[in-house]
Amino acid sequence: MKQKLLMGLMLLGFATLASRPVFATTASGTVAVTATVGSSVSLTFVTDPSGITLAGTGTSAATVAFGSVQAYGGVVPANVTKTVNGTTNWTLSTPFDVEVEVANQTSSNYTLTAQLNTADAVNTWKIGATTVTSASPASLATSAAYGTSVYTLNLTIPFSEAAGAISNTINFVATAN
């Protein structure tokens, strides 16, 4: 019995010595991160609750689509005002929102300008009371606070304008002060 016990202990000892210890293997590495942060300004157009629904609301490329309109009679789009000015012209007006935000720079306000993309010698384009042409940028604000501002688009069409489509693009530029 002693021999069996001794033999068992010897086998156990050999098994322990013969087996390799199990160790976890590891590896390590690093990732270097670099970035150059640039200052930026964001300008987006948003449908004003009192204005016509903008196609592309919440983007920097929205569309105001008045549809088929006429000086006398016809249907005026929702949230658009039509004003007939005597016997000379008529105006379509609607508010829209301009949202300007700034990031990664010290600036408490901004300048906003607008300019027609294409000259229009017939119709009058205004943002609020400011006439917008293609000749040079019109100043809409010189020290506007960041956030949302409401502007009104006014398109005045003379009675001498031939029936047909009217189309143009107004380019807005916000510059951090």
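Q: What pattern does the protein chain follow, read along the sequence?
A: Helices (H or I, at least four residues) and strands (E, at least two) are DSSP runs, numbered from the N terminus. Here the pattern reads α-β-β-β-β-β-β-β-β-β, with one helix and nine strands in the protein chain. Keep in mind that this is a predicted model, where local features need pLDDT of at least 70 and side-chain atom pairs count only at pLDDT 80 or more, while totals for chains, interfaces and linings use all residues. Residues are numbered from 1 along each chain as its sequence is written, and side-chain values use heavy atoms, with hydrogens and water left out.

Q: What share of the 177 residues in the protein chain is buried?
A: Buried means under 20% relative accessible area, exposed means over 50%, and partly exposed is in between (1.4 Å probe, protein chains only). In this protein chain, 28% of the 177 residues are buried.

Q: How do I read contacts in the protein chain between residues at least 6 apart in sequence?
A: Two residues are in contact when they have heavy atoms within 4.5 Å. Among the contacts you ask about, 69% join residues at least 24 apart.

Q: Where does Leu54 lie, and is Leu54 buried or exposed?
A: Look in the loop between strand 1 and strand 2 for Leu54. Leu54 counts as buried because its relative accessible area is 5%. Leaving aside neighbours within four places in sequence, its contacts include Phe45, Ala62, Val64 and Phe96. The C-alpha atoms of Leu54 and Phe96 are separated by 8.0 Å, though the two are 42 residues apart along the chain.

Q: Which residue's side chain joins that of Thr91 in a polar contact?
A: A polar contact is a pair of N or O atoms within 3.5 Å; within protein, one must be able to donate a hydrogen and the other to accept it, and residues adjacent in sequence count only if both atoms are side-chain atoms. For Thr91, which sits in strand 3, the partner is Thr156, with a polar contact of 2.8 Å between the side chains. Thr91 counts as buried because its relative accessibility is 11%.

Q: What is the nearest side chain of opposite charge to Asp97?
A: Lys and Arg count as positive and Asp and Glu as negative, with His and the chain ends not counted. A salt bridge needs a side-chain nitrogen of Lys or Arg within 4 Å of a carboxyl oxygen of Asp or Glu. Asp97, found in strand 3 (residues 89-103), is buried yet has no salt bridge, and the nearest side chain of opposite charge, Lys126, is 20 Å away. Leaving aside neighbours within four places in sequence, Asp97 is in contact with several residues, among them Thr44, Asp48, Pro49 and Ser149.

Q: What is phi of Asn79, and what is phi of Asn104?
A: Phi of Asn79 is near 65 degrees, a positive value in a residue other than glycine. Asn79 lies in the loop between strand 1 and strand 2 (81-85), and counts as partly exposed because its relative accessibility is 41%. Phi of Asn104 is also positive, near 60 degrees. Asn104 is in the loop between strand 3 and strand 4 (110-116), and counts as exposed because its relative accessibility is 55%.
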